[in-house]
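Visitor: Can you walk me through this model? I'd like to go by helices and side chains.

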Amino acid sequence: MEIFSVSSMPYVWLAVMVLCIIIEACTVALTSVWGAISAFVLVFVSRTGMPIHYQILLFLVLAIVLMVCTRPFAVKKLHVGKEETNAGALIGSEVLVVRAVEPFQKGEAKGRGGVVWSATSLNGQSIAHGVVCTVVDIKGNTLVITPKEKGVN
């Protein structure tokens, strides 16, 4: 005795598809969307009378093939998992040191928008108050700065 009749399998696959879409909407990790696509295909395949165990096998194979073949491209194009912040725009910009940076001690630097950031020097050197510096990196919420070369605009 089978749990589901052949005529009810399209509804089962439809429910699987909806469940995968809900999971994908909650996680946004591009993992369960492939299951949703596979379940959509199986809604139509199940109408052919294919045995349930072959349907499940086809679902798994199709979901895995879709994930392996298309996920890297989708992640690259959709920038999934990358949280871009506006702080990245500070790299290469000029800041003014408002509290001296000492070796093994953070100082503070003010950007063009008037925002004051924690700052460390690139080589662990001291940077005095009032020196104009260039941001070379950001680590956490701390700017990594180096003094601007004299004579460079």
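Visitor: What ground rules apply here?
Guide: This is a predicted model, where local features need pLDDT of at least 70, side-chain atom pairs count only at pLDDT 80 or more, and totals for chains, interfaces and linings use all residues. Residues are numbered from 1 along each chain as its sequence is written, and side-chain values use heavy atoms, with hydrogens and water left out.

Visitor: How many aromatic pairs does the structure hold?
Guide: It holds 2. A pair means rings of Phe, Tyr or Trp (its six-membered ring) with centres within 6.5 Å; planes under 30 degrees apart are stacked, over 60 edge-to-face, the rest tilted.

Visitor: How are the rings of Trp 13 and Phe 59 arranged?
Guide: Their centres are 5.1 Å apart and the planes stand at 35°, so this pair is tilted. Trp 13 sits in helix H1 (residues 9-27) and Phe 59 in helix H3 (residues 52-78), so the pair ties together parts 46 residues apart in sequence. Helices here are DSSP runs (H or I, at least four residues), numbered from the N terminus.

Visitor: Are Trp 13 and Phe 59 buried or exposed?
Guide: Both are buried. The cut-offs are under 20% relative accessible area for buried, over 50% for exposed, and partly exposed in between (1.4 Å probe, protein chains only).

Visitor: And what about Phe 40 and Phe 44?
Guide: Their ring centres are 5.3 Å apart with planes at 85°, so that pair is edge-to-face. Phe 40 and Phe 44 are 4 residues apart in helix H2 (residues 33-45), about one helical turn. Phe 40 is partly exposed at 43% relative accessible area. Phe 44 is exposed at 52%.

Visitor: Switching to packing. How do H1 and H2 cross?
Guide: Their axes come within 8 Å and cross at roughly 165°. That makes H1 roughly antiparallel to H2. The crossing is left-handed. Axes are lines fitted to C-alpha atoms, for helices over the stretch in contact, and angles run from 0 to 180 degrees between N-to-C directions. Under 35 degrees is roughly parallel, over 145 roughly antiparallel, 65 to 115 roughly perpendicular, and the rest oblique. Left-handed means the near helix is turned anticlockwise from the far one by less than a right angle; right-handed means clockwise.

Visitor: Which residues meet there, in H1 and H2?
Guide: From H1, they include Trp 13, Met 17 and Glu 24; from H2, they include Val 33, Ala 36 and Phe 40. Contact means heavy atoms within 4.5 Å.

Visitor: What about H1 and H3?
Guide: Those axes come within 12 Å and cross at roughly 25°. That makes H1 roughly parallel to H3. This crossing is right-handed. Met 9, Trp 13 and Val 16 in H1 meet Ile 52, Gln 55, Ile 56 and Phe 59 in H3.

Visitor: Back to Glu 24. What does its side chain reach?
Guide: The backbone nitrogen of Val 33, at 3.2 Å. Glu 24 counts as buried, at 13% relative accessibility.

Visitor: Where is Ser 38, and what is it in contact with?
Guide: Ser 38 lies in H2 and is buried, with a relative accessible area of 0%. Leaving aside neighbours within four places in sequence, Ser 38 is in contact with Phe 59, Leu 62, Ala 63 and Leu 66.

Visitor: Last one: how exposed is Arg 71?
Guide: Arg 71, in H3, is partly exposed at 26%. Its C-alpha atom is 8.6 Å from that of Trp 34, 37 residues away along the chain.

Notes
Helices (H or I, at least four residues) and strands (E, at least two) are DSSP runs, numbered from the N terminus. A polar contact is a pair of N or O atoms within 3.5 Å; within protein, one must be able to donate a hydrogen and the other to accept it, and residues adjacent in sequence count only if both atoms are side-chain atoms.
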